[in-house]
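Trainee: Could you walk me through how to read a structure like this one? I would like the general idea of each feature, then the case at hand.

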Amino acid sequence: MRHIISILMENEAGALSRVAGLFSARGYNIESLTVAPTEDPSLSRMTLVTRGSDEIIEQITKQLNKLIDVVKLIDLTEGPHIEREMMLVKVKAATPELRDEIMRLTGIFRGHVVDVTPTTFTIEMTGEGDKLDAFLRALTVSDILETVRSGVSGIARGEKRLSL
């Protein structure tokens, strides 16, 4: 099962490396990883996506909690949460017909064209991973020149929060 683990950790050199090393040493895969400082510059928030049984996820969270850099963590998938991912995709747009079709699809998926050249469009899209995947499937594969995805960012809904 897919899990989104949100970690509040010390914002210092080597903290990310220790988390990645923990996963690597135990043979666990990180599907997605985002890290940035929080409103408190001494802390960073790491959001990672991994897959595993409940027992494996429990083992991962126990091991993460043992790391000195980890202040607190929650598994967002245990409750209601909001998750988003950002994607930039560069596509061929050499003909007027192709440009019109790309604009139509971009509008349907509520994306934004952020760069235009005589032969390409770069589209920005934000949403859940399934939405981004659906947009890519709707495009002709040969028209996709490059794709960049941010990885999942997530936050608990309502009053629940990850803080000290």
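Predicted model: local features only at pLDDT ≥ 70, side-chain atom pairs only at ≥ 80, totals over all residues.

Trainee: How do I read aromatic pairs?

Mentor: A pair of aromatic rings is described by the distance of the centres and the angle of the planes. Rings of Phe, Tyr and Trp (its six-membered ring) pair if their centres lie within 6.5 Å; planes under 30 degrees apart count as stacked, over 60 as edge-to-face and the rest as tilted. The whole structure has two aromatic pairs. In one, the ring centres of Phe23 and Tyr28 are 6.3 Å apart with planes at 75°, so the pair is edge-to-face. Phe23 is buried at 1% relative accessibility, whereas Tyr28 is partly exposed at 22%. Phe109 and Phe135 also pair edge-to-face, at 5.3 Å centre to centre and 70° between the planes. That pair links distant parts of the chain, 26 residues apart: Phe109 lies in the loop between H3 and E6, and Phe135 in helix H4.

Trainee: Which residues of H3 are buried?

Mentor: Helices (H or I, at least four residues) and strands (E, at least two) are DSSP runs, numbered from the N terminus. In H3, Ile102, Leu105 and Thr106 are buried. They cover an arc of only 100° around the axis, which puts them on the same side of H3; the arc is that of the directions from the helix axis to the C-beta atoms. On the other side, the exposed residues are Pro96, Glu97, Asp100 and Ile108.

Trainee: And what do the buried residues of H3 pack against?

Mentor: Contact means heavy atoms within 4.5 Å. The buried residues of H3 pack against strands E5 (81-92), E6 (112-116) and E7 (120-127), and against helix H4 (129-138).

Trainee: Which residues are buried in H2?

Mentor: Ile57, Ile60, Thr61, Gln63 and Leu64 are buried in H2. Down the axis of H2 they fall within an arc of 165°, so they line one face of the helix. The face turned away carries the exposed residues Asp54, Glu55 and Lys66.

Note on methods: Residues numbered from 1 in each chain as written. Heavy atoms only, no water. Buried < 20%, exposed > 50% of the residue type's maximum accessible area, 1.4 Å probe, protein only.
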